[in-house]
Amino acid sequence: MQRSVLDYLEESAERFPEKIVFADDKNKICYHEFQNQAKAVATALADCVKVGRNQPVVVFIERSIESLISFFGVAYSGNFYVPVDCQMPAKRIELIFQTLSPKAAIVTEGTKKVMEELPYDGKVLELQELIRTKVNQEMLDKIAAQRIDTDPLYAMFTSGSTGVPKGVLVGHRSVIDLIDNFKEEFGFDETLMLGNQAPFDFDVSVKDIYSTVKNGGTMHVIPKVMFSMVASLIDYLNKNEINTVIWATSALRIIENLNVFSQKTPTYLRTVMFSGEVMPNKVLNYWRKYLPDAMYVNLYGPTEITCNCTFYKVDRPFADEDTLPIGTAFQNTDILLLDGERKNEVEFGQVGEICVRGSSLALGYYNNWEKTKEAFIQNPLNSWYPELIYCTGDLGRYVEDGNLMFISRKDYQIKHMGHRIELGEIEIAINALSFVEAACCIYDEKEEKIVLFYQAIEQCDRELLKSLGKVIPRYMFPNKMVYFERLPLNKNAKIDRAWLKETYIVKK
């Protein structure tokens, strides 16, 4: 029985010791050497620094192999890693440190400057020194013997409604469930060649990292600049024979917006997965036109349930204006659709809040009991024994074929001009328009206006409204439209709704 994700690395390092496990734009490393360096880091943390057990260790990340060595080193030491982007505002990093009170922070030559402005009196450790530590295998064996599968593996910080970021704490068992499901459902094996797009402090990267070591595959860390030079991106995919990508929807949209595939296409790509935002079918149809033999998978789920709880393998044609299902639950996961008071399940076909139960649930928000109790609640359908479910804040409903459909965020549902409106429905209609590249809607409660932010080759307000009139009623029309040549994205490659709201609605 697997008690930690380290079992994946142990098994693959034994099977493929000289095979490349990770590669970035500067270096590559084989399984055997990667394992040795991670164990050296673990020895330093546990024996020299004496961090303790199940304690947070901050890793200041870059898009490099070094970050990954640090993650596994922290795990081998019996603790959990917290990836932190040193390019974040100093105040946000300070808030994360206040929440964690970390025992140690791991830096590299490229990230150590961030500590100069940070009020922190704990241990600051340079990775290059840690990997020179002589491995104490006897000590690591003792740590491994004490490990259980509910021990924490990592914490990732998401935005908080109060302005204080929340650290979602995830255990080994939850990641094992997810990665084993990916292997079973999508046929991953040692031929896996992954192209990583997601930042390491975004949970999409968890699927890349641990699917790689589980299957004995290879993961290429794609340089961020490639997504601004998309012709070079296709060359990169082909040069490295990338056959699988698990990307943000916006990354696929960039390819479609620029019509890259009319010039060149990925030769080896056979599995294309996407998540993070609703996938416009016109974008998906573009990809399917040029890569008709690839398997396309729509993944759904928040960080709090360990990346994804449902999946949909695209198995039929969809019109541009259709909505793509988010599918069915992974094994060992159950989806409940609850009413507005979170007391009862809604009737089949009715809209309810998507709530999740199973071992995929995170352990909670680190050092934040109040927010944990708000989101992780006792299952209202079970009054006999303790059973937590996670309430996503997303609305969904089941359709006749048994697939789950995402409707919108719970807080995207508004009352406007006497009508109850799902902003997500408006967004789907607008994103289906051929001349719109991306769009989102935000409700201005003070002015009682639906504000549309859209990206297109040129401003086209009149044409947009005319086309919209063919698919939605007038009471759902945007009251205000803001045109962008390029919509702002947050660091997780999603449309930055928080910035748009703050800039165009709160501060106007």
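A salt bridge is taken here as a side-chain nitrogen of Lys or Arg within 4 Å of a carboxyl oxygen of Asp or Glu. By this criterion, Glu109, Lys112 and Glu126 are linked in a network of salt bridges, and the structure holds 20 salt bridges. The model is predicted, so that local features need pLDDT of at least 70 and side-chain atom pairs count only at pLDDT 80 or more, whereas totals for chains, interfaces and linings use all residues. Residues are numbered from 1 along each chain as its sequence is written, and side-chain values use heavy atoms, with hydrogens and water left out.

Lys313 and Glu185 form a salt bridge at 4.0 Å, N to O. This pair links distant parts of the chain, with Lys313 in strand 14 (residues 310–313) and Glu185 in helix 7 (residues 172–186), 128 residues apart; helices (H or I, at least four residues) and strands (E, at least two) are DSSP runs, numbered from the N terminus. Lys313 is partly exposed, at a relative accessible area of 30%, and Glu185 is partly exposed at 21%, where buried means under 20% relative accessible area, exposed over 50%, and partly exposed in between (1.4 Å probe, protein chains only).

A salt bridge also joins Lys264 to Asp235, with the closest N and O atoms 3.0 Å apart. Here Lys264 lies in the loop between helix 10 (249–257) and strand 12 (271–275), and Asp235 in helix 9 (residues 230–239), 29 residues apart.

For Glu353 and Arg342, the side chains meet in a salt bridge at 2.9 Å, N to O. Glu353 counts as buried, at 1% relative accessibility, while Arg342 counts as partly exposed, at 25%.
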